[in-house]
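Here's a quick briefing to read alongside the model.

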Amino acid sequence: MFWFHCGRCGSLFQSDADDHQSRLCPECGFDPCTGIPEPAGQAEKPSLPTDGKPATKTKTHKPSAKRYASRGGNRHVMLKLMGGWTLVLALIVFGARQVWQDPNPGNPAEATTDAVTAEDAALLHSATPKCWAGFSAFLASSALEQRAQFVLAPAATASRMSRFYSLNPWTTIDPATLQFAGQSVLHLPGNTAIETHWKSQDGKQFDAVFRQENDEWLLDWEHFSRYSDYPWPLYLAGSGPDDGEFRLLARERLAEERKEESTISIVLYAPRFGQPEETGFQSPEFLVPRDSRDGRLLTAAFQLARDHKRPFGARLPDLNPDDMIRLRIKIRRSDTEQGRRFEITSIAACHWYSIDDPGVAPSPLGAPASPPSSSSPSTAEP
């Protein structure tokens, strides 16, 4: 016979060391070694003590009131903790939704005045997660083939991406460092897009446009990268093809002093990726006849900017430098006896989106102030 200590109720009792079936605690009916109760009918089986007297009737162990109180208190604490975390998560989700739906929170000077329609709000609610997921995957991808999966018309765009990045720096942005700055629905001719603004921790700013294609929201890569057929500073220096299309910024020279002139004077600048308030290399001066199609487009586009509006009624703030507009413009370079000359062959659009619509209606045709210069080509000399 050996003494055993019940690990469940703490009772001490004697039992045969080799008889596992009779080694049961007389108080709670459990095996003191395993803590596993015997099957029904055996738990109350009395054991024979050494003095030969019948053992007392087995008592069923009942947890004390303190244990019940302790367990109930723990449950209440856990419920309070779970309720607190649920409230915190609900506040986070609600705050995030408010930020996504407000295109420019906390900045009344730049906030849009038009209310968001129910259709636009529903579109933003359903498309925003898809746009952000695709944009994050695009930025996180380290290979061109991977990035091409998240852009508009990937098959046609992949070759342009390859050529562009062979001549320009690779865009490296950690999506985890981006801060959302606003979004809006953009009603383009024939389709609807979503325009977004972002800020990085190092102070850079980006705008990205997404359009739906095959049930996916894909990045307008040419707009995002400020795609041009050839790097602007190299083109001005005489490198590359003579004809090309460029995404540039345009500034009107002496707008007030020359408003009665028959030509509009503009200078073109290369944009700086991530730093929209700054400009890169500038071109020589171009004189564009005001009564030409290009001149009337420029007049309308500059007036739209002065009215603090944007093409297609875009609602987000303008990221361009003051008094500048965006142009997709086709230019021809030629070497003559007088030197190198640049000519605007046509203005494709007064924006950088990948669509053919110019974005503004040409201003009304007016009588030129100086007939001889009204028919002169839009040329510039360095």
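**The sheet**

Four strands make an open, antiparallel sheet, in the order 3-4-5-6. Strands here are DSSP runs of E of at least two residues, and helices are runs of H or I of at least four, numbered from the N terminus; two strands pair if DSSP finds at least two bridges between them. This is a predicted model, so local features need pLDDT of at least 70 and side-chain atom pairs pLDDT 80 or more, while totals for chains, interfaces and linings use all residues. Numbering starts from 1 along each chain as its sequence is written, and side-chain values use heavy atoms, without hydrogens or water.

- Strand 3 (178-188) and strand 6 (216-219) are the edges, each pairing on one side only.
- From one strand to the next, the twist averages 30 degrees; axes are lines fitted to C-alpha atoms (for helices, over the stretch in contact), with angles from 0 to 180 degrees between N-to-C directions.
- Strand 5 (residues 205-213) runs antiparallel to strand 6, joined by four bridges.
- Across that pairing, Arg211 stands opposite Leu218 in strand 6.

*Helix on the sheet*
- Helix 2 (residues 118-140) lies across strand 3, strand 4 (191-200), strand 5 and strand 6, where contact means heavy atoms within 4.5 Å.
- Helix 2 runs at about 125 degrees to strand 3.
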